[in-house]
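Subject: Structure for you to look through

Dear colleague,

I am handing over the structure we spoke about, and my notes follow below it. Please read them with the model open beside you.

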Amino acid sequence: SLIKFNNILDVGCGGGETIEFIKSNFPQVKCVGSDISENMIKLAKDRLGEKASFFVSPLPRLNKINETFDVIISERSLINLESHEEQCSAVSKISSILNPGGIYIMIENFYSSLNNINIVRKEMNLNAIIPPWHNCFLEDGIIEFINSSTELKLKEENRFASTYYFLSRGIYARLAEDNKISPVYDSDINMLSVKFKLPELGDYSPTKLMIWEKEK
């Protein structure tokens, strides 16, 4: 629970949606957001006013940070960096400004998981899913880097979207192809996989959650 933490940094906060959710549930927690986009920071400030602090700063430098945090969040932020070297530098910076015993919540996309769903799609005679041109999905090697080169230790890995991805990008996509219809996000299969808490199936969603704790 975030309630035991005093302050949170959202790296790549966009328009401040995540911080808005946190403040609505834990108003006493100090929230700070950073983003490379001046327009996104303006949207975040307009959304939350004086309830949180925001500043423009690119990863991996975060050169306007002058405090440490109990929780740091990156939500599909590392994938917007241009190289795996920059991603490693960003995680090192995150580790350095995290308090001992603090938590880093990494919600990012991984190539290996994308490859898994593409194997399924190939078996179903479907085209491979290609990442957007501006995204650099994480390689599994970043896990080894974090374990060996930072003070962060992996506490939990959650493949929360894996079953949804298998059903929507595999089963439903094949049915749509067979019935010559264009796939839609609110199909019955997709909605069922969202509505019910289904068992975690494999490792098929590029997006997954990893929770890291900094050594005390």
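Is Lys30 buried, partly exposed or exposed? Lys30 counts as partly exposed, at 41% relative accessibility, where buried means under 20% relative accessible area, exposed means over 50%, and partly exposed lies in between (1.4 Å probe, protein chains only).

Please keep in mind that this is a predicted model, in which local features need pLDDT of at least 70 and side-chain atom pairs count only at pLDDT 80 or more, while totals for chains, interfaces and linings use all residues. Residues are numbered from 1 along each chain as its sequence is written, and side-chain values use heavy atoms, with hydrogens and water left out.

Salt bridges

Lys30 also takes part in a salt bridge with Glu67, where the side chains meet at 3.3 Å, N to O; a salt bridge here is a side-chain nitrogen of Lys or Arg within 4 Å of a carboxyl oxygen of Asp or Glu. This pair links distant parts of the chain, since Glu67 sits in the loop between S3 and S4 and Lys30 in strand S2 (residues 30–35), 37 residues apart. The helices (H or I, at least four residues) and strands (E, at least two) are DSSP runs, numbered from the N terminus. Glu67, at 27% relative accessibility, is partly exposed.

By this rule the count comes to ten salt bridges. Another of them joins the side chains of Arg47 and Glu20 at 3.1 Å, N to O; Arg47 lies in helix H2 (residues 38–48) and Glu20 in helix H1 (residues 17–25), so this pair ties together parts that are 27 residues apart in sequence. Arg47 is partly exposed with a relative accessible area of 37%, and Glu20 is partly exposed at 34%.

In a further pair, the side chains of Glu213 and Lys155 meet at 3.5 Å, N to O. Glu213 belongs to strand S7 (residues 207–214) and Lys155 to strand S6 (residues 152–158), so parts that are 58 residues apart in sequence are tied together. Glu213 is partly exposed at 22% relative accessibility, whereas Lys155 is exposed, with a relative accessible area of 54%. There is also a network of salt bridges that links Glu157, Arg159, Asp203 and Lys208.

The nonpolar cores

The largest nonpolar core has 34 residues, of which Ile72, Leu78, Tyr104 and Met106 touch the most other members; such a core is a set of buried Ala, Val, Leu, Ile, Met, Phe, Trp, Tyr and Cys residues joined through side-chain atoms within 4.5 Å. The elements that each supply at least two residues of this core include strand S1 (7–11), strand S5 (98–109) and helix H4 (111–123), and the largest share, four residues, comes from H3. Leaving out residues up to four places away in sequence, Met106 touches Ser74, Leu78, Val91, Leu138, Ile146, Lys208, Leu209, Met210 and Trp212, where contact means heavy atoms within 4.5 Å. A second, separate core of 19 residues includes Phe5, Ile22, Phe54 and Ile107.

Helix packing

H3 and helix H5 (residues 141–149) pack at an angle of about 35°, with their axes 11 Å apart; the axes are lines fitted to C-alpha atoms, for helices over the stretch in contact, and angles run from 0 to 180 degrees between N-to-C directions. Gln87, Cys88, Val91 and Ser92 of H3 make the contact with Ile142, Phe145 and Ile146 of H5.

Backbone details

Most residues other than glycine have a negative phi, and most peptide bonds are trans. A cis peptide bond, with omega about 0°, joins Leu59 and Pro60, and Pro60 is found in the loop between strand S3 (53–56) and strand S4 (69–75). Arg76, which is not a glycine, has a positive phi near 50°; Arg76 lies in the loop between S4 and helix H3 (84–96) and is partly exposed at 41% relative accessibility. Lys180 likewise has a positive phi, of about 55°, without being a glycine, and is found in the loop between helix H6 (162–178) and helix H7 (188–195), where Lys180 is exposed with a relative accessible area of 75%.

With best wishes
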